[in-house]
Every structure is written in structure tokens, then in C-alpha cells.
Amino acid sequence: MAVLSVRILLLVRAYLRSQRQLNNKNESGTTMKTALILTTINVPKVLALYRKLGPDVAFFVAIDKNTPHDAINFCQYDIPNCTVLFIEDQQQWKCSELLGWNNDSRRNLALLEAVKCGADVIVSIDDDMIPM
């Protein structure tokens, strides 16, 4: 599992670096917006590593009914440019109840929010995939 985590982190790092080298420009020369999405039931410490790799990337975290307050506070106060999608925010989407709770399908609502905010590139992660 740790090897897979390292590969994922290296791929994301390489991608984010290539975006910075390209000045985040797409083919038409306009700036591209990158977003990182996840759902969590833990304090997602890996976000601090991803933030170092991509300081301009918007993070969207869909919390779940059993997400601890420590995780919410970490995302809100310790990670810049991180949007926390509270339960009430998620329920604004008609598909929210169809997704159910206490599963990683909540990440789809973070995806919808990233698209709504104009993200051109969206990276989906699992917060428990951190190199050891």
C-alpha cells in the first residue's frame, strides 16, 4: 500500500510542477484552474503536503456525518484555499441523498463544487494514501 501511495504522490507532484512550468496556461493562453477533491473521516494531514506542491490549487473537502471536528477544523483553519462542504452545503445538490452517507461517494459533491467554481483540471485523492 505504501508503494502505491508514493506513486500517487509522485504523480500528483509531477503534474502540479508541470502546471507551474506551463504557467497554468491552456491552449488558448488563458490560466487554467486546478482543484483537488476528497472526502474524509480522518484529519487529512496529507493536504499539507499537497498544499506545498500546489499552492494555487483549490481544495474541496466533502465531509461526512462521521467526520470528526478536528478534521473539519484542520481543513478550515490550517489549509489555505480549502473549501469545506458541510452537510448542509451538500444537501443543496439534488443527488445528495442518492449518494448515501458514510461512503466515499460524497467526493462526487466535491467534484460538482469544483466544476461549479470553474476548475479546468480536477485531481481526486483518498486522504489515507500518504507515503510512510
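Helices (H or I, at least four residues) and strands (E, at least two) are DSSP runs, numbered from the N terminus. This is a predicted model, in which local features need pLDDT of at least 70 and side-chain atom pairs count only at pLDDT 80 or more, while totals for chains, interfaces and linings use all residues. Residues are numbered from 1 along each chain as its sequence is written, and side-chain values use heavy atoms, with hydrogens and water left out.

**Figure 1. Overview of the protein chain.** The protein chain has six helices and four strands, and from the N terminus on its elements follow the order α-β-α-β-α-β-α-α-α-β. Of its 132 residues, 41% count as buried; buried means under 20% relative accessible area, exposed means over 50%, and partly exposed lies in between (1.4 Å probe, protein chains only). The accessible surface of the protein chain comes to about 7,700 Å², of which 55% belongs to carbon and sulfur atoms; accessible areas come from the Shrake-Rupley method with a 1.4 Å probe, and for residues only the protein chains shown count as cover. Among contacts (heavy atoms within 4.5 Å) with a separation of 6 or more, 59% are accounted for by residues 24 or more positions apart.

Figure 2. The strands are arranged in the order 3-2-1-4, with parallel pairing; two strands pair if DSSP finds at least two bridges between them. Strand 3 (82-85) and strand 4 (121-124) are the edge strands, each pairing on one side only. From one strand to the next, the twist averages 20°; axes are lines fitted to C-alpha atoms, for helices over the stretch in contact, and angles run from 0 to 180 degrees between N-to-C directions. Strand 2 (residues 58-63) and strand 3 run parallel and are joined by four bridges. Phenylalanine 59 stands opposite cysteine 82 in strand 3.

**Figure 3. Helices packed on the sheet.** Helix 2 (residues 46-53) packs on the sheet and touches strand 1 (34-40) and strand 2, with its direction at about 160° to that of strand 2. Helix 6 (residues 107-116) also packs on the sheet, where it touches strand 1, strand 2, strand 3 and strand 4; its direction makes about 155° with that of strand 1.

**Figure 4. The nonpolar cores.** A nonpolar core is a set of buried Ala, Val, Leu, Ile, Met, Phe, Trp, Tyr and Cys residues joined through side-chain atoms within 4.5 Å. The largest has 18 residues, of which Leu36, Leu47, Tyr50, Phe59 and Ile125 touch the most other members. At least two residues of this core come from each of strand 1, helix 2, strand 2, helix 3 (69-78) and strand 3. Helix 2 gives the most, with four residues. A second, separate core of nine residues includes Phe60, Ala62, Leu85 and Ala114.

**Figure 5. The surroundings of cysteine 82.** Cysteine 82 is buried, with a relative accessible area of 15%. Its sulfur is 4.5 Å from the closest cysteine sulfur, in cysteine 75, and this is too far for a bond. The structure holds zero disulfides, a disulfide being a pair of cysteine sulfur atoms within 2.5 Å.

**Figure 6. Aspartate 120 in its loop.** Aspartate 120 is found in the loop between helix 6 and strand 4 and is partly exposed, with a relative accessible area of 45%. Aspartate 120 and alanine 35 are 85 residues apart in sequence, yet 7.9 Å apart in space, C-alpha to C-alpha.
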